[in-house]
Every structure is written in C-alpha cells, then in structure tokens.
Amino acid sequence: MGKLVQLQLSPEEARNDDAIRLRLREQFGLSDATQFVWRKRSIDARKKDIRINAKLELFEKGEEIPPIPTPNYHPNVQNAPEIVIIGAGPAGLFAALRALELGLKPFIYERGQDVRSRRRDLAKLNKESIVNPESNYCFGEGGAGTYSDGKLYTRSKKRGNVQHALETFVFFGADPDILVDAHPHIGTNKLPQVIVAMREQILKSGGEIHFEHKLTDLHVQDGKLYEIELNGKIRKETRALILATGHSARDIFYLLHEKGLRIQSKGFALGVRIEHRQELIDQIQYHGRVNDDFLPPASYSLATQVNERGVYSFCMCPGGIIAPCATEQNEVVTNGWSPSKRNNPYSNSGIVVSILPEDLGNPEDPFVCLNFQKEVEKACWKAAGSTQKVPAQRLIDFLNNVPSESIPRSSYQPGYECLNLNEILPPLIAQRLQKAFRQFGKSMPEFLTNDAVLHAPESRTSSPVQIPRDAESLSHPELPQLFPCGEGAGYAGGIISAAIDGMKCLDAAAHLLESTS
Ligand SMILES: Cc1cc2nc3c(=O)[nH]c(=O)nc-3n(C[C@H](O)[C@H](O)[C@H](O)COP(=O)(O)OP(=O)(O)OC[C@H]3O[C@@H](n4cnc5c(N)ncnc54)[C@H](O)[C@@H]3O)c2cc1C
C-alpha cells in the first residue's frame, strides 16, 4: 500500500493532474514523478470558497499500482447444489453472484421482463398512462434499482461489504469513480448495461434466470418448504429460497399472511416529490456558481422533526426527472431518477414524513401501514382524474392552502392536475410537511419559492411490512428454508444495502444447504 495524503483543492485544481502534482510538491516536497491515485473525493461547499477534499494514495515512480480487486466467479456451476432466488433486483442479483463465488447454482425467478423489453412498458407508462402490473419502474430485471438514479451512497457501517459491492459494480462496467466519490452515482442511462453484464455472468457460469416467472405459492409440509409454484402452474423443488421481491410486491405479503407465516407492520415514510430548477439549487448550494464546469449539479439534504416525527429529503436527484412508479392501474406513485451526467434542468427530491404503525391504528395489524400507503396512492389517483396524472401544487400555494392556478413546468411526463394537496394528503402528513417546509426555509430561504412544484405522493420509500427473520440463521422463524431478503423484507433501504443483504442471505442459505446435505 502506498502512502495516503489529504489535500484541499479548488474545484479547478481537482480536475487538473498538473495542478495536483504542484500541490504535492509544494505541500509534501514530492517529486513530479510521484504517481497518485484518488482514493476519496468529497465537496465542501459550506463556505463561498468551495473546496474539494482529496485523499490520494502515492506511489514511487515505476512502482506498480494495485488493480481494483475483481470478484472470483466459479466457471461452471451447472451441476452444483441449487439455490432458488425470487426477484432480480439488487438483492436477488447480488445473491446470485455470491452463489457463483461459492460454487452454487443460482436459479432466479423474476416476474418482470428483461431490461430491454421493460423499456417498452416504461414508455407506455410515461406516454399512455398504462401500468403493466408485472413490468414497470419497480418490477423487472434489475428491480427498482435499474431505472433509478443509481446513487450508491449507503449509511451501512460494514465498509468491507460496501467496498465489495462497489467493486462488483465496477467489474460489471460502472465508472471506477464510484469507488472514490463520497456520494457515488451511476445514472439511469448506464445502469441497464451493468445489469445485463451481471445477467451474462450468471448465465455464463451456469446459473439460470427466468423472466416472466412470478412466485405464486409456497408448498410446505411438516413445517418445511419443499417446493414453490410459479405463474400458478410451474413447480420447482427447493431446499433454500431467497425471497427478494422488493417493497412493492404486495401480493407476496398477502401470500405469506395467507400461509399463516408471521409478518409485521413496519414504519415507513410518505410525502411529496418536490421539483426546483437545478440552477436554483446550484445557486443556493454553490454560492452563486451556476452551471459550473468544475462542479457537479448540486444536491441537498434536509431533515427536521415535527411533532415527534422526522421529516426529511429522500432520494434527491440533481439534474433528474420525476418518474411514475405505480405498480397497479388504480394508484399513482412518484420517485426520481437522473442520468449519469445529471444534465436535466430540474432537480427533484422526496420530502417525506416518517410514519409509525401506532400513528395509523392497530400496530398489531401487519397491514396497517400498507393499507395507509394504498389509500393515499389511490386518493391521489382519483383526485387527479384516474390516469397516471398526479396532483400538483406550487410550494407557496401549498403553504397558503390554495390550489395553484397553473404549474410552471414539470419533468413528470404523464402530467398533473392543479389541486390542493392539503385536501388530498392525510392531515398527519400535510400538516407536518407544512411545518417542515417553513423550517427548511429558515436554513435555505430561496428553497421556499412558488416556482417549486410538489407532486404527490412519494410513498414507496421503504417497505411498509417486515418479514421477520432469525438474527443468526437469517431465515423466517417459522420456515427455516425461507430467507426474507432485501428492501421488501425490511432489511435494506437502497441499492447498496439491498446488494449487501443479498450476499448475506446467500451465505446463510448456503450454510443451511451444507448442514442439511
Ligand atoms: C425510480 C427509483 C429511483 C431510485 N433511486 C435510487 C437511488 O438512486 N439509490 C438507491 O440506493 N436506491 C434507489 N431506489 C431504491 C432502490 O431501487 C431499491 O432500494 C432497491 O432496488 C431494492 O432492492 P431489492 O432487490 O431489495 O428489491 P427490488 O429492487 O424492488 O427488486 C425486487 C424484484 O423482485 C421482483 N418480484 C416481485 N415480486 C415477485 C414475484 N412474486 N415473483 C418473482 N419476482 C418478483 C420484482 O419484479 C423486482 O425485480 C430507487 C427506486 C426507484 C423506484
């Protein structure tokens, strides 16, 4: 390992290797022949003099720079013991890749389409308001992560696992900058290629992926899962099942409940997606440096407490687009994505209120949060005309409790209706949002502008249901062959944490196979 040094650079210096060499010479007396590699990069924009914090690793002239570690996949698992994985989101895909590392054969069943075919369904959703319940922004190859922003930031403290997940993304084609940036990001235009490369690896090594195969039943005998049913007719024997179906697979929650398997309600967050001009966010965050060639489009992170519940920004997308993320026809849901260059003129973010089961009624009812989520999504759908249009309102009009006469512009393609969100969103959400926006305006006064537009609802922030699992075996306490995994089961909140949970569950399932063979 080379020597690590830290530098504070101007944005211009950070993009210029000669300028960095000069700083290394001036500050550390190093010769210009010294090689350097970026190890961490973050932006400090608290003051007008914006700084780039750089952590660099130094190597002597001619010294070999270690390559980025690559995963080691078994070349042929065709006849190896099988592990069945439901869902090809980040949790399911990383579980499958981990199986290849361990020399096991992954069988993935995915209800949606491959990334390419999925794109056609997204076009129909955006242009014709047609929701395909099996193929949309949440369902299909790559899961909810494929057409997302691809932010790879996680609060997970398990650095080794995070690093391995990031290196895996790089191995499959992501920009190596994601290993360096404090807030790494891939972009919707690049994620599908990465997902396809993962699929090709799984197939090349002898694993299997079956699209348009939906898990519809579990067959249990004497407390043991021995077989699953797909599409209501196909049967597949299994000794270990990784259930990585994401937070929108409501039918899976209902299925487990019907089977008498314990599930429980889980707090989540719900609110609106706000859109500003990106120029305004740059102006605020970069002290007037707008459209700067040396700085990426600015983001923000806001959080406050209102009446004992957190209200915070969620999945902020600089230079992004608001996407219709419903999974059924009679609901509307918003979320956001951005391309790798983040070069759209809009910036959007969820502003959401934390909700606990006890806020909504009987916390023992496993569906108390899910039902609330459904009711809000349906109410918004109905209010805006029963298409994929969403109710929208300018921010100051929302604070003044009057519907907007018009909306300046919106990146949300299916359209909107000008409505008063105070009358559509439940008071426990609307009232907290009102107070929170006023508080955000104290630290960022320009944020409170009537040019900002709220779109409702932002409701799929995390799973409203938790599928319990044993802390050690990671399997369901009542069904040892079932491994609830990823965001849908309540153990992840984003691409990287879902990927890490997928690998973890695979290890646990492999342990079960080994101990029972
Ligand atoms: C528009 C958008 C933008 C986002 N942006 C980001 C971001 O920038 N960064 C970030 O970290 N996170 C982001 N997220 C969230 C992120 O995508 C999820 O946290 C992550 O994908 C969860 O991974 P998962 O594998 O647990 O579940 P999912 O990705 O939801 O995958 C579950 C998969 O299971 C399949 N499935 C469901 N039911 C069945 C069944 N019965 N049978 C077979 N298959 C089934 C689904 O089709 C899906 O492919 C975004 C989400 C969306 C929708």
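What you see is a predicted model, in which local features need pLDDT of at least 70 and side-chain atom pairs count only at pLDDT 80 or more, while totals for chains, interfaces and linings use all residues. Residues are numbered from 1 along each chain as its sequence is written, and side-chain values use heavy atoms, with hydrogens and water left out.

Let's start with the overall layout. The chain splits into domain 1 (3–59), domain 2 (82–264 + 464–516) and domain 3 (267–364 + 372–458); these bounds come from an automatic or database domain assignment. Between the C-alpha centres of domain 2 and domain 3 there are 28 Å. Domain 2 puts 25 residues into their contact and domain 3 puts in 26 residues, where contact means heavy atoms within 4.5 Å.

Now for the ligand. Domain 2 and domain 3 both give residues to the shell around the ligand, so it lies between them. That shell holds 37 residues, and the closest are Ala91, Glu110, Ala144, Glu487 and Ile495; a residue is near the ligand if one of its heavy atoms lies within 4 Å of it. By type, the shell divides into 17 nonpolar, 14 polar and six charged residues. Here Ala, Val, Leu, Ile, Met, Phe, Trp, Tyr, Cys and Pro are nonpolar, Asp, Glu, Lys and Arg are charged, and the others, Gly among them, are polar. Helix H3 (90–102), strand S16 (334–337), helix H13 (486–489) and helix H14 (495–516) each bring at least two residues to the shell. Helices (H or I, at least four residues) and strands (E, at least two) are DSSP runs, numbered from the N terminus.

Look next at the polar atoms around the ligand. Glu110 has a polar side-chain atom 2.5 Å from an oxygen atom of the ligand, and a backbone N or O atom of Pro90 sits 3.2 Å from a ligand oxygen atom. Arg111 has a side-chain N or O atom 3.0 Å from a nitrogen atom of the ligand. Of the 1,000 Å² of accessible area that the ligand has on its own, the protein covers 96%; such areas come from the Shrake-Rupley method with a 1.4 Å probe, and for residues only the protein chains shown count as cover.

Ser135 is in the loop between helix H4 (115–128) and helix H5 (159–171). With 3% relative accessibility, Ser135 counts as buried; buried means under 20% relative accessible area, exposed over 50%, and partly exposed in between (1.4 Å probe, protein chains only). Its side chain makes a polar contact of 2.6 Å with the side chain of Asp121. A polar contact is a pair of N or O atoms within 3.5 Å; within protein, one must be able to donate a hydrogen and the other to accept it, and residues adjacent in sequence count only if both atoms are side-chain atoms. Apart from neighbours within four places in sequence, Ser135 is in contact with Gln113, Arg118 and Asp121.

Thr304 is in strand S13 and, at 15% relative accessibility, is buried. The side chains of Thr304 and Gln439 make a polar contact of 2.4 Å. Follow the chain onward and you reach the loop between strand S13 (303–306) and strand S14 (309–317), which holds Asn307 and Glu308. Most residues other than glycine have a negative phi, and most peptide bonds are trans. Asn307, though not a glycine, has a positive phi of about 45°, and Glu308, also not a glycine, has one of about 65°. Asn307 is partly exposed at 49% relative accessible area, while Glu308 counts as exposed at 68%. Pro457 belongs to strand S20 (residues 453–458).

Glu279, in helix H8 (residues 278–285), is partly exposed with a relative accessible area of 41%. Its side chain joins that of Asn291 through a polar contact of 3.4 Å. Cys369, found in helix H9 (residues 368–383), is buried with a relative accessible area of 0%. Beyond its neighbours within four places in sequence, Cys369 has contacts including Phe268, Leu356 and Pro464.
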